[in-house]
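Two interfaces are the topic here, one inside a chain and one between chains. The terms are given their cut-offs as they come up.

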Amino acid sequence: MNPYLLIVLLTSLGLGTALTLSSTHWLLAWLGLEVGTLAILPLMAQRHHPRATEAATKYFIVQATAAATLLFAAFNNAWLQGHSDIQHMSHPLFTSMITLALLLKLGLAPMHTWMPQVIQGVSLNTGLIVSTWQKIAPFILLLQIKQIHPPLLTIIGLASILIGGWGGLNQTQLRKILAYSSIAHLGWILLILQHSTALATYALLIYIFMTSATFITLKKCKATTINMLTTTWTKAPTITLVAPLMLLSLGGLPPLSGFAPKWFILQELTQLNFIPHASIAAMAALLSLSYYLRLSYSITLSLSPNNLPECLQWRVNYPISTPLSSALPAALALTLFLLPLTPSALTLII
Amino acid sequence: MLKILIPTLLLIPTSWLAKAKWLWPTTLLHSFIITLFSLAWLKNTTETNWSTLNPYMATDPLSSPLLTLTCCLLPLMILASQNHLAQDPLVRQRIYITLLVTLQLSLIMAFAATELTMFYVMFETSLIPTLILITRWGNQMERLNAGTYFLFYTLASSLPLLITLLAFQNKTGTLSLLIIQLLGPIPISPYVNIIWWTTSLLAFLVKMPLYGVHLWLPKAHVEAPIAGSMILAAVLLKLGGYGMMRLMLILSPLAKELCYPFIILALWGVLMTSSICLGQTDLKSLIAYSSVSHMGLVAAAILIQTPWGLTGALILMIAHGLTSSALFCLANTNYERTHTRTMILTRGSQMILPLMATWWLITCLANLALPPLPNLMGELIIISALLGWSWWTIIFTGAGALITATYSLYMYLMTQRGPVPNHMISMNPSHSREHLLLTLHLLPLLLLVFKPTTIWGSAY
């Protein structure tokens, strides 16, 4: 893509999120969300492939619907309440409507069906942006709304964790697997959103590190299906070494950083006596772990062409050096080694 | 504690920086030195039972034999793996040793933890290196399935444990083992305490394994490479027993009637798995089911919560650790020469490798709990404790002891006696390394005959 255009689009993307983050009025928040949506659309459609076009269209329609609902509910609330402050919303119906709109933007169950299709249709870099950067603005808005009906968030959170787990089980396309992983992780964040904003932020941060590391790794290996992961051991042995650890970190196994958000979310939930919720969430995390384990089997734990129950890829791609690969060591270090630093990390966020 | 942890941690740079020729001797030597230092833990000097105390870790007579066993096992694993890794590229050998050391670190920290949270995190941490050992260095295609079973059985039972520990911390404010042994009964409603009890112990019962949830063990033990089998049989199963013994302290008022079904299941498991052993064709599978059988006895003994039960459980855990690990090493010596685990294809080894037959004999006799070995001590104390709990258990334990003797002798006779098969044209003679390996397993076992109080635990 033309570098000038790329800079304009990426800057607009940053601008959109920054607008939303710094706003106290719903109109400006909506504006920031729309700028972000519009900025990413050319990035999504830049490959002139029908699937990319379809993904961009679906993304636009979904985000526009959500933003329109958001604006509608915000104005109704302003009409009834007299002011349009994000932090002082009080009408229950419109608060729920805004919450649902934001959850549609985030791609949480049961409004998640667009996520796998969109992330599958775009390239890995754009998928990274959709999975990580585009979650920040709606998340910040959700944090600021104070009076959300608690069962709404709990049910949607648990449903997302379950659907994120079950949906990814039958996938062979890596981007779809990462989309379902994103749904599951955001479900965890949603469970704790009302009770502890610091933990929700921490969980989102760790999720962003882990997902970035995974997307960058996949981009380096130029792998988009599970079959394509099987030959990484010949091309990039170092990646082969750390990839299972990265995937198990996504799955939430100690001593990797991915365990920290799950642990603290479970702790917070048990302290508030939401033990059934905590149990269901914990057990549903095992579903996601099964497909992360399958991926790590393909990458590292079985050397193709030996002992592999799947087919092998025919043409071999060599690992490429992308602009993002300089971020890979940082992302990987944060994905793997952050658990012992958790107390200091939490004090930084609270 | 740091004088063991830091040298163990630094074994990782050692394995990466040592020259190719010196990799195995260096790591072996240093792990032996670490073992030597860890023997100091066996002396219990304080009245309160907790020694080598620092804010996060301590040893007491319950954990120190298990700690020493863990530290003892690292050099033995390195010794055992040397042969089959000789064909791997150098980097993979280094990675293997790094995995073993990481596993060692997590196990030391698990057994020495004073906070139950740290115990839990280290319990789960030990899963990752074991998973990688089984699925990456196992020899057959079934190893992937074995790794999945291993990981998911353990995790599905230990996630409820995490929630229970967090709820416990919420109720009592602390999870430190030093403090909870002094707490009184916890106020919980009568229906919740059933769930509480079950979720606390389920993780450890699956790890032990209890008979109904034991399916991961034959898969994992059989498919793992020798170091994986050794550490699984010797130490990882004992994590379950150790965890149960620790958590029983907090759960005691709740557990009076709840443990009955599990005790019955454990005892029935002893009989069932011993019977399965009689019909096995795969040697490693036989040893794996034998492990389940012995651990069933340990589980039953821990669940009855008497002082003799806990003592017998600990003695049997240590003795079984050494014996089972020795059996896996012997099976591995067979496997390395014939590349098969089927017993009828590897008969008559006494003719070919007579000194190895001696080790086979001693180890099989230890497995069937021959006096005066600590295996018998443990089993006898457990059987007496169970008899004191209920007269009917003697049926299970007596029949179990009988069938154990039967399959141990069957294992010995199948592999050592009988005609040498016609297809075995040449077998390498026994290496001194293998003799050393087995001596180092059996010598502690024999020495423990003279001073069993070291592995007696804190009940006496």
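A salt bridge is a side-chain nitrogen of Lys or Arg within 4 Å of a carboxyl oxygen of Asp or Glu. By that rule, the count between chain B and chain A is zero salt bridges. This is a predicted model, in which local features need pLDDT of at least 70 and side-chain atom pairs count only at pLDDT 80 or more, while totals for chains, interfaces and linings use all residues. Residues are numbered from 1 along each chain as its sequence is written, chains are lettered from A and ligands numbered from 1 in the order in which they are written, and side-chain values use heavy atoms, with hydrogens and water left out.

The contact between the chains (heavy atoms within 4.5 Å) involves 29 residues of chain B and 31 residues of chain A. Chain B and chain A bury about 2,700 Å² between them, with 79% of it on carbon and sulfur atoms; buried area is the accessible area (1.4 Å probe) that two parts lose on being put together, summed over both. Six residue pairs, both at pLDDT 80 or more, are in polar contact between chain B and chain A. A polar contact is a pair of N or O atoms within 3.5 Å; within protein, one must be able to donate a hydrogen and the other to accept it, and residues adjacent in sequence count only if both atoms are side-chain atoms.

On the side of chain B that touches chain A, at least two residues each come from α4 (90-112), α5 (116-125), α6 (127-137) and α7 (143-172) of chain B. Helices are DSSP runs (H or I, at least four residues), numbered from the N terminus. The largest share of this side, 16 residues, belongs to α7(B).

Chain A is itself divided, by an automatic or database domain assignment, into domain 1 (1-148) and domain 2 (149-350). The centres of these two domains of chain A, taken over C-alpha atoms, are 23 Å apart. Between them about 2,900 Å² is buried, and carbon and sulfur atoms give 76% of this area. Q120(A), L124(A) and I148(A) supply 25% of the area that domain 1 of chain A buries against domain 2 of chain A, more than any other three residues.

In this interface 32 residues of domain 1 of chain A meet 36 residues of domain 2 of chain A. The rule finds zero salt bridges across it, and six residue pairs (both at pLDDT 80 or more) are in polar contact. On the domain 1 side, α4 (92-106), α5 (114-121) and α6 (124-144) of chain A each supply at least two residues, and α6(A) gives the most, with eleven residues.
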